[in-house]
Structures are given as C-alpha cells and as structure tokens.
Amino acid sequence: MAVRDNPGRVLSSLRVNLLPALLAVLGLVLLLDLGRRLVIGGLTLSALVRFLWTGLVRGMAIGLAGIGLSLTYSILGFANFAHGDYITVGAFAGWVTTFVVAGVGSVGLDLLVLVSSDASAGELGINVLSTPVAIAAGLVVAAGITALVTVALDRVVFRPMRDANGIALLIASVGVALALRYTLLILFSGSVRTLTTDVPTTAVGVGSGEVVFRAHDVTVVVLAGLLMLGTHLLLQYTKLGTAMRAMADNKELALVTGIPTERVVRTTWILGGALTGAAGFLIALQLGGMSTTLGWDRLLLVFAAVILGGVGSIYGAIVGGLIIGITIRLSLVWLPNELSIASAFVVLVFMLLVRPNGLLGGVETV
Amino acid sequence: MSRLSVWLRRGLRALRHPLGGDGDADGARSDLVLVGGLVVGVYALFTVMALLGPFDGVGNVLSQLETVTLLVLVYVMLALALNLQWGYAGLLNLGVAGFMAIGAYTMAMLSAAPDATVPGLGLPLVVGIVGGFLAATLFGALTALPAIRLRADYLAIVTLAFSEIIRLVVRSEAASEFTIAGQRLGTGGANTFPLPPNPVKVLLYENPSEPLVAAVDSPTVAGDLMLEIADVFNLSASQAENILYTLLLLIPVGAFYLLLTRIGNSPFGRVLRAIREDELVAGSLGKNTRRFKITTFAVGCGLMGLAAILWQLQGQGRLSPGTFEPELTFFVFVALILGGSGSNTGSVVGGIVFAAVLLEGPRALKRVVDENFDVSADPDTIIEASQGVEPLFAYLLSDSSIEALRFIMLGVVLVYLMQRQPQGLLGHRRGQAATVSLPTREEEEP
C-alpha cells in the first residue's frame, strides 16, 4: 500500500515545490532574454513599450468583460460559456445604435443596422472625435440591451435550474451560447464589417523610435478604467456588494439572514451583463471591426483572466485581464503572431496547475 | 492466445449484458430491437426525403443514406469514447476536438509520402493509424497527469484551452512545414493536408494514390467487381467506394462497442462508476482513484483520435484545421447527453439520433423544400427578408441560414435536455457501481 501511494505523494510534492520553482526560473530566463534583446538590439525600446501599451489596452477590455463572468461564476456557481456571446450581443446592439445615431437620414436603413453585407463606416466617418455622441449612445445601449438579454436568458434557462449542479448549468450555457451566436448570424450574416474610419493618432518618441497611441485605444483604457472604478465603488459602499459576498459564501445562510437571493441574482446579472455589453462595444471600437464570433473568439481569454485572478474577485478579473493582455502582446517578442493567443492559454493552464484558486482568490467572494 | 480467447469470450458475454449491473438477456435483446428500429426508422425517413428531393436514381438515394450512415458511425464512436470519460468516470473533457486533431494529424504526418505537397514520413498507413491512436493516448495522459485533480469546471476549461492550443499550433505557419533531423514534416498549416489513400482505395485500385478519375482506369479484381455492381445501381465510382468504406467502418464501430462494454463491465469499469458516484468512498476503499482517472482519460482520448482517423480517411481524405473547432466537441456532447451518459447503448442511440436528426436532417429537409416549393425571392439581408412571408422563408432556407438554424436547434435541445431530461433518452440505465443489481435483488427477496 505504502509503495503504491508513494508515486502520488512524490508527484504532489513535486507539484507544490518544483513546478512553481521551475516556472519562476522560466520567467526569469524570459526576463533576462528580454533584457539581452533590448541591449543587443533585437528588440527596440519603442517596440517593447508598444507591446506593453497594446497589451494594456487588450487587458483592460478583457478584464472589464471578465467582471461579469466572475460575478455570476461565484454567485451562481457555474462557468457560463454563453458569456462570450453576451459580449457579441453588446457589440452588435451598441454598434447598431452608433450607426443609427451617426448616420440617420444620410444613408439607407439596412446599412445603418449593419446587416448589409457591405456595411462599413466609410460613408459615416465614425470615430471617437468626430462622432462622440454616437459612440456614447452606443456604449449606453450596449450595456442596457446586454443586461436585458442576460436577465431574460436567466429567467428562461438558468432560473429553472437553480438547484442543478454547476456542470449541468455549464452544459446548458453551452446551448445558450450556440443558440445566441447563430441567431445573431442569421440576423446580421457572418461577414466582418468595418466600424470606424480615420482614427486619430498621436506619436510619442520613445528611445530611438516612436510609439503611436490611437485615440480609440486611449478611449478603451479610460472608459474601462472608469467602469471598473464605478463597479468597485458600487460593490464596496452599497449593501448589494455585501449581499453578493454573503451569497457567494453560503447561499442558504444568506437566505436565512433575510437576503432576497433572487433579487441579488437578478442584480448581479444586470450589473455583469451591462459591464459585459460595454466591454463588447469597446472591444469592437478598439478593433475597428467585428463579426458574430467576436465574443466567442475571446471567451477563453476572459475565462483565463477570471481564473488567473481568482473566481469571484472583480479585482482578480481586472488583474487577470491585464496579465493575459500583456502576455498576448509580449509573447510576440518570441512567438509568431498566430501563436500569441495560444501563449495566453499556456499561462492559464500553468496557473491552474500551480495555484488553482487564482492570484487573488482563495475564498470566492466579490 | 488463450488469454485472448478468454477475453473475447468474456467480451461477448458482456455484450449480452451490455448495461452493466442491471442488464440481462432480455435487456440486450430489447436494446438490439431499439437500435435496429431506430436505424430502420432513420433509413425510412431519409429514403422518403431523398425520394421527395431532387430524385436522381437509386444510386443517389443510396449515396445520401451513406452520408447519414457515415456521420452516424463517427458520432457513435465519439460518443462511446466520451461516455467512458464523462459517463463512467465523470471527467468533463471539453478537448475532444483537440485529441481528435492529434490523432488525425499524427496519422497524416507519419503516413503521407515524403514528396507530397505536405511532406510526411511515408510509413505504411497501419503504422500511421496506430501512431495516431498512441499519440492521442499519450497527449491524453499528459493532459490528465496534472489536470485530473482540478475541479470539474476547471478541467473543462483547461481541456478546452488545450484543444485550442493544438488547433492554433496545427494551423500556424511555423508548424505548416518544418525539418526534424533532416526529415521534412508538416501539418499544412491553415491549408488542407491531403491524406494517403485509405485501405478501401488500396483494395480497389492499382494506383490508389492517383486522383479518382485516373485511378478507376486501372482497377484491381475487387475494383472491377465493385465498378460492375456500381453500374447496376447507377452509382459513380466515388459513391460506390464511399459506400464500401462506410460498410467496412461497421467493423471498428462494433469493436468500439465491444471494447467499451467490456471495460464498463469489468472491475475497472465498476471502480470508475464508484469514482463518479463518490470519489472519496472509492478512495477510502483503497482504490487509487487518480490513476484510474488518468488511465480512463488517456484511453478515451486515444479512441477519439482513432475515431477521427477513421472518419477523415474516408473519400478524398483531406485534413483541415477548421474541422477541429470546439463546436465539434459540443456536437459529441450533445450526442452523448441525448442518448444518456453512462450507458453504452445510450451512446449508440444518441449518436444515431444526433447525426441523423440534428446534423443531417435539416440539410435533407432543405433539399426536399427546395425541390417542391418554387421560391423565387432571394433576399440578401434580414431587412429585405422581413418584407413578406416568402422572402423570409427564402432567407431562412438559404444555405448559411440552414446551417445557423441547425446550431440554434442544437442549443435549444441542449438547454431542454439539461432542464427536463438531464439523464437523456437512456440515461436512467447508468449502470451501478455494485457488482450485483441491487434493485433486482430486492425484488427477489420476498
């Protein structure tokens, strides 16, 4: 018996001690290599700053999208695979609005609602400086519609299953994801449409080169930051945050204490849905284009961010998002473009192996 | 040799009791009736639809039935393999597509000719198939080794991430062609990877690697016979060849069922069911649950790789990284859940119902509607389509919309199953962890 148990124990002690050490060594080697490349000249300082900046931009968007996932993950106890398609819903709802506001009266109706296969912003000249009202309206509608959709889907799909285990809910959410994505596909067709034109840029000299800051990248970082701050204040200084923490810790106890759990769940969906929709709109703004797979393509990255930071922690989702965003961009120093996304998944896998509870996790709380 | 015969005999006995603890001869017979009835029903349905569709001779009907049968067989194999992991041991593997890709691409890289458009090692196909199976098994074990102790939902995400890593690497420029120890190898990247000719082609043609148009000019004796039979039914050579391949595929599918039933009814399978029900108890009884789970995961992944190989070798035989997107994984899950996870017969039923009704049904139905209703409208967008009933009808029946409607239906079915019928059609027969059938014994007691 003892002999048979030994390999397991050795393995688990390896996991506890050796794997983190190995990863630390690997990280150190990569860091040293980064320094070497900077000194020798394989990598310019401006390129490094550019990677870090675009990583930050992506990370903020992923982190914002992750907050909603993290909240529902901890309160309802399941990994929501439809979350990626909630992002897409937000992007489409928001951009239809932006197109309508920016171009009402000047171009045909079907172009405005993005359904025409050659829908593009070319004729509308949408960007954050020339059509700020349209962008703002889009952001608000994206948040609103996505919140409505998430609440409606909760009512139809997830609420009848409140007592089911997390895996049953997970599989049901896969069904929701498929139905939602392909409904959007029928409504809007699968083409990739261009959304913005003539995005203003500013170049800043760094070292021997320069880094170009796009206005939309800055917008994404600022707006995502403001929304994160707002969420923080909301959860920190209202009863809602406390109630959510209580529910995540122990649902029965929360119910006994007099917390209206169904109402808290609904509020969570509204809050998470609104943030997710806004994130979808901002991701499309930053990319300057979108298709119906926008959210699905990023779902695993959002999962990676949430798990990396620790399920249930909104700060974890933000930190995780930043790590994932910067990993994707910084990996370009070593990897070809097409494998940069894979690097984020590798980080996720290693993170789960070394610290399954995430960086800021441990207790699943808001 | 005698060990093998004992094993086979036990396997055959297990076949008569395919439902684990609560199976008996009657159960096996009723299973056979159930599956047989289902197959007859599916064939009847598709024959009717083929006759109502653009009817083009008996050969065309046979060919359409072949398409359905191939998909059914593939999904039966995949559902059986996934049932071992999810139904028996409760391991939520969302990386099915990735392990399939590993099996298929390893086979291709081992067996493709060194001078082909995508170069390979040029080994015999058998080596490639065995190699693909072993590679998928090995990758399954390597994934399971660290990941198996994770919570079920984390395991799902890690395996999904793993399958995406594989797909991204396979389709990357770096992997499309590389050189190891002076040997040129590659995956073809985002392009297709032409596979070496499958055994049926080798059997039928003297020059099986030629394109079909040229290959039919020099058939073997068997090929001659097949072409003559094909002529009788007015089948083209490729249709006849595909039908033969699909018929031969019944052998590995039968072997899958035999093997998995055998595993399920063995002491090993009972431990797996015990782990599924309560891992702590199984561990307390001295079972090394971790090792059981890793073995199960690896074997399941290997079988998925094998199923992918047998699927992709059919017909033209081209691998494309687009085949192995995560949707494929969800397809297999729907098939398994539909039939009822935990029961091998359920997996078979689920595979049949899924592939025939959900996957191929809408396409056949579209052919019927196209043939019988003359829809002149051809709207480009949903706005044009919403101006009347006929344009809307035409829009929803366009090729891309039918594909999308199929996915929407899948999603709705998945949600419905999880809400109302989480045990699937046959899931109430999950098989117990106990050696003897407990309810039966209670019945016998008075």
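## Exercises on a predicted two-chain model

**Exercise 1.** Describe the hairpin that β2(A) and β3(A) form, including its turn.

Solution. β2(A) and β3(A) make a hairpin in which two residues lie between the strands, and G207(A) in the turn has a positive phi of about 60°. Strands here are DSSP runs of E with at least two residues, helices are runs of H or I with at least four, and both are numbered from the N terminus; two strands pair if DSSP finds at least two bridges between them. Next, β2 (residues 201-206) and β3 (residues 209-214) of chain A run antiparallel and are joined by six bridges. Finally, V206(A) has G209(A) in β3(A) as its bridge partner.

This is a predicted model, in which local features need pLDDT of at least 70, side-chain atom pairs count only at pLDDT 80 or more, and totals for chains, interfaces and linings use all residues. Residues are numbered from 1 along each chain as its sequence is written, while chains are lettered from A and ligands numbered from 1 in the order in which they are written.

**Exercise 2.** Work out which helix of chain B gives the most to the side that touches chain A.

Solution. Begin with the contacts (C-beta atoms, placed from the backbone, within 7 Å): 41 residues of chain B are in contact with 44 residues of chain A. Helices of chain B that each supply at least two residues to this side include α6 (152-170) and α19 (399-420). Of the contributors, α6(B) gives the most, with 13 residues.

**Exercise 3.** State where confidence in chain B is lowest and where it is highest.

Solution. On pLDDT, the predictor's confidence in each residue from 0 to 100, helix α20 (residues 438-444) of chain B is lowest, at a mean of 47, whereas helix α4 (residues 96-111) of chain B is highest, at 94.

Terms used. Two residues are in contact if their C-beta atoms, placed from the backbone, lie within 7 Å.
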